[in-house]
Amino acid sequence: MFKFLFKRLLVLVPVFFGVTLVAFGFIRALPGDPVEVLAGERGVTPERHAELMAQLGFDKPMWQQYLSYVGDVLQGDLGTSLITNRPVVEEFFELFPATAELGLCAILFAILLGIPAGIIAAVKRGSFVDQGIMSLSLVGYSMPIFWWGLLLIILFSNTLNLTPVSGRLSFLFDVEPVTGFMLVDTLLSDEEGSFWNALHHLVLPSVVLGTIPLAVIARQTRSAMLEVLSEDYVRTAKAKGLSPVRVIAVHALRNAMITVITVIGLQVAVLLAGAILTETIFGWPGIGKWIIFSVFSRDYFAVQGGLLLIAVSVMAVNLIVDLLYGLINPRILH
Amino acid sequence: MALLDICNLSVEFATAHGALKAVDGVDLKLDEGEIVAIVGESGSGKSVAMLALMGLLPWTAKVTADRMLFDGQDLLTMSAKQRRKIIGKDISMIFQEPMTSLNPCFSVGHQISEVLAQHFGGSRRSHKARTIELLQQVGIPAAETRLKAYPHQLSGGMCQRVMIAMMIACQPKLLIADEPTTALDVTIQAQILELLVELQQANGMALVLITHDMAVVAETADRVVVQYAGQQVEQRAVKDLFENPRHPYTQALLRALPEHSQGELLNAIPGVVPGQLDRPVGCLFNPRCEHVQEHCRQTPPTRNEDILCHYPLPLAGQKP
Amino acid sequence: MTTTTATPSPAATTSQSVRQQQWREFWFYFSASKTAVAGLVFLIGVILVALFADFISPHLPAEQYREFAEIPPAWMEGGQMRFFLGTDYAGRDMLSRIIHGARLSLLAGCIVVLLSASIGIFLGLVAGFKGGWVETIIMRVMDTIMAVPGLLMALVLVALLGPGLLNAMVAIAITYTPSFVRLARASTINEMNRDYVTASRVAGAGPLRLMFISILPNCMAPLIVQGTLSFSTAILDTAALGFLGMGAQAPLPEWGTLIAENRDLMLSAPWTVTFPGIAILLAVLAINLMGDGLRDALDPKLKRS
Amino acid sequence: MNQPLIKARDLHKYYPVKSGFLQADKSLQALSGASFDLYAGQTLAVVGESGCGKSTLARLLTLIETPTAGQLTLDGIDVSMAADAATKKQLRQTVQMVFQDPFGSLNPRQKIGDILQEPLIINTNMTAEQRKQEVLTMMARVGLRDEHFHRYPHMFSGGQRQRIAIARALILKPKIVVLDEPVSALDVSIQAQVLNLLIELQQEMGLAYVFISHDLSVVQHIADQVLVMYLGKPVEQGASEAVFSNPQHPYTQALLSATPQANTERKRQRIKLIGELPSPLDPPSGCSFHPRCQNATAQCKTTAPVMEQRGDVSVACLLVK
């Protein structure tokens, strides 16, 4: 097991440097040199320009700049935002819990619905239930989620006004952020009904963000189950006289989960991309909305830092999924 | 009263190109403590008949028979729930690929005690002693430590021993072995076959050995059933069959063996086993039969004295 | 002469009749699923609409009828037959804009798939065949691209290259290349240790012949299916970039931009937002349905079951 | 029969196995020390259980891999010296291979005609018409009809595919054919047809066969020479009649007694080999067969036996005098 994880960690090192290279190269590829970028529209006098170039070390050869950049990154200094002048890291981690909370609810929604649906579709292969689930998941898979979000808002928030249109908590409650996870903070605070309100705000965005992962997990669980059900050891389980429920729930499911875990792992990167869209539609104060805002307002250092931090969080989550994969796959555990 | 009594068993699969008759009229009677071999080439339906007995065929299969009795119980009309009470307990089956027939996610001990818990109740842990005893009985060294081992940590021979331990856990009356040693090396095959015969004698259970290897039949079985393209063409005591085969296919099969070759070339059987799309009229073996006659090409033969042939070969010293 | 897999017609002799039989067999399994055929028919419809957009669209996409702004579709009260699907905030006919939008989306799909597939398959083939440090470098670069979520990478690239439909397509193509590289590499490695590759090598086949004549044809099935899936997701991502304002810029009637433009009419004139969305959904759904049909027809494993 | 087609001297093949980031690399001794001569028109059978190195030997003889040590001469050309392209090409045309699995050895996306023409396209500059004629005659020779030229492999049965594989191996008119378990995946009746075809072709073209198999009854019928291997090392070698009638090495004796025979009177005492095949990664010390050998002595545990001539077989066992 340790060997497997060590190998996975080993792979992440070059990828991390790859991402720092992309982030570093991103600024250098911009028109003009970094100081002009820093100055922005205000422009800067030539001497000031030269002085800044030397001071910030932009006159050194490229590879030295890259090394000093990586040095800063490893110490957690990802530069300051051009707009708010606050360190990018600080802004990122202020907003990260919101996206994490939304992402977690979305993936939970996708797993709790997707896996049972996939199993039922596989067990009842070819039946109407199977075709129904599969066509629904195909529609879910083909869904432009930004439009799907708008549609749900029109339907549920506007006409049926069951759910709030945007934001994480209604203005009636003021809950001071402790962990940044609204569901946790509202519980900690003594505001009556704030937890339910936060939950209320989470419903629609999680459904929208979770739609594509749900469709993918349902389809992949079904094909994993079908693959497993045709294996020899399932026939052995039946030959042992075990009941069909036990054959499917114990023998088949455990093996199918090994493939499904990797699928869930892949969905994490998709989730973050979806978060950008969902947060824009629902005005959700997360890093997706923040990165869009930075790109629009040409806050290049924020984009550079955001890019790096999002990539690192994706890599971290992938490592956790690898750990889970190792735990349930005996070939690796023993 | 015979332990197993099967009469005119047929199995038909619904495929994209019409019905495929994988098993066409198998008769088999079996008593306690007997070893019967079912031999035939691939596609002869030798495993399908036994899978039908165990109820392990996919839903596309249609099983029909005049009679299918096991220990007095009628397997045809039995409900799936009742059938699950006897398979794995009174009838059990081991398969060809030991490495893939064990569940990779569970330890060996878990998979064996599961059968005991299923048929004798109690938790799996309560059957730990019996599981260790079973592992020792099938010749697995250091049984306690191997209890927690996973299938990918064992060799092919060891996995097959675990399968056997699992399937004799409830002292079955009938054990069906579907090509148990085809995937194993020669020396390991000898060990497994010897183990099966020892267990069969020790527990007095009946053993059905499905194989394509005539040599394994000669050294293990008492009686043998020869299958060709889904049909049961001959059923004789092993000694008589080898000395004096009466169906042309059995004779050709024995002559084709490298051991029985005289001179440089083997006497191969020309042609190919008929598939679903090109089944000949009359006797299925007629295009490849040395003794074929006009009658064979028109009307399918009926079985007399357990030989499915219009002109069975004469017994030694008896004119046709 | 028994055929192991029962093909619809038993025997074919000449080369051209074997190819015919191949097609008949492909169509036999492809048409087995009605939804796949429906998907194919709808897709052909969309392609025709895109090709003949100028002739069949009632109005010019950019033509503004100020006096008819925000009128509902024809079948709702206040609607006019002239503007069958109603008009947007600037009085432009929704139906014409959607028809012209089809052209942009299909173009985006084609360019993205062609770009990412060609580069991806070549790199995957080389990585799988060569192995060693070549493979490690290619795979680590692909891991890097995959570590950053697709849409974010596209956003960053568009921020670099500047917004615009072409830049968006290039950006999306880069984010799709890793999926083709991984698939091509996996199938190459799988085919590599098959006996027929060793047989060609023993017969003296050089690396190029091995790669492109022995291995590539046998990896095509999963790659074609991946191609159709990428085509449909490319349309989704182009629309998403358009929606965020980073893809096709104003007057261009790209479906995503259409939705973004009419976003503030969402509550007052919901049809201006709904119909472009439905267009995207149906086009993508059709391609995915066809992709499923392709997978069943091309995948020998499924053929036998 | 002046000069042997294959002269193999002490062939070794080790594969480095990375056993972890910190531990030193272990080496898998797949083949350690195979030596034999093979003349035209003769068949050498290489027999042994899984992991005994017979497939590794096949990969060395067909130049897929180069030996770690030892010397191999094919048709008078020393393989290690053959640096330039011309000799390499000539070497390639002298030795070809037939594989075990009929379903994996033909490219599913190529027609039979193209599969058989490929070696000609690579190694000769025949015109398309000449190639087609050459292929059609070879197809007829292995019992295939002309209209099979345009068909795909999945339209054939296992036996026919093996005939196609044999045709592909012979299209370049090689002198040596390495057959890696060519009939193990076939049924008895088809097996007999393919074996007959192989024997006829050997007599007709004077081919030298290296026949790899675990089925002793087939080997006894077809082999002139036999080489028995265990865990990468040859243990017994000699003329087929000698080895089968009077096996010297305990492993060969156990192997022969373990192979069932198709006659019911044969009640013979069965040498029951105990234990499992050890893993080739860390073979037992001294004679690698000693853990399973019924008459192993203390000496067997320490000193590794060397192949020595005993009558008309050579044996690697300390106890055989």
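This is a predicted model: local features need pLDDT of at least 70, side-chain atom pairs count only at pLDDT 80 or more; totals for chains, interfaces and linings use all residues.
Helices (H or I, at least four residues) and strands (E, at least two) are DSSP runs, numbered here from the N terminus.

Residues are numbered from 1 along each chain as its sequence is written, chains are lettered from A and ligands numbered from 1 in the order in which they are written, and side-chain values use heavy atoms, leaving out hydrogens and water.

**Chain C as a whole**

The C-alpha atoms of chain C fill a box of roughly 75 × 50 × 30 Å along the principal axes. Of the 305 residues in this chain, 58% are buried, where buried means under 20% relative accessible area, exposed over 50%, and partly exposed in between (1.4 Å probe, protein chains only). Chain C exposes about 12300 Å², and carbon and sulfur atoms supply 70% of that area; such areas come from the Shrake-Rupley method with a 1.4 Å probe, and for residues only the protein chains shown count as cover. A contact means heavy atoms within 4.5 Å. Among contacts in chain C between residues at least 6 apart in sequence, 66% join residues at least 24 apart.

**The cores**

A nonpolar core is a set of buried Ala, Val, Leu, Ile, Met, Phe, Trp, Tyr and Cys residues joined through side-chain atoms within 4.5 Å. The largest one has 178 residues, and Phe146(A), Leu241(C) and Leu244(C) have the most contacts inside it. Helix 9 (residues 207-243) of chain C gives the most to this core, with 17 residues. Another core lies apart from it, with 150 residues, including Leu4(B) and Met139(D).

Beyond its neighbours within four places in sequence, Leu241(C) is in contact with several residues, among them Leu151(C), Val158(C), Ile172(C) and Met246(C).

Thr188(C) sits in helix 7 (residues 165-192) of chain C. This threonine counts as buried because its relative accessibility is 0%. Setting aside neighbours within four places in sequence, the contacts of Thr188(C) include Gly124(C), Phe129(C) and Cys219(C).

Over in chain A, Pro205(A) belongs to helix 9 (residues 194-229). Pro205(A) is buried too, with a relative accessible area of 2%. Leaving aside neighbours within four places in sequence, Pro205(A) is in contact with Leu102(A), Thr278(A), Phe282(A) and Trp284(A).

On a 1 Å grid over the protein atoms alone, a cavity is a set of points where a 1.4 Å probe fits but cannot get out, and a pocket is an open set with protein on both sides within 12 Å along at least five of seven lines; lining residues have an atom within 4 Å of a point.

| Space | Volume |
|---|---|
| Second largest pocket | about 600 Å³ |
| Largest cavity | about 70 Å³ |

The second largest pocket is lined by 25 residues, and Leu104(A), Ile107(A), Val268(A), Leu271(A) and Val317(A) lie nearest its centre. Helix 5 of chain A supplies the largest share of this lining, 9 residues.

Conventions. Grid points are joined across faces, edges and corners, and a volume is the space filled by probe spheres set on the points.
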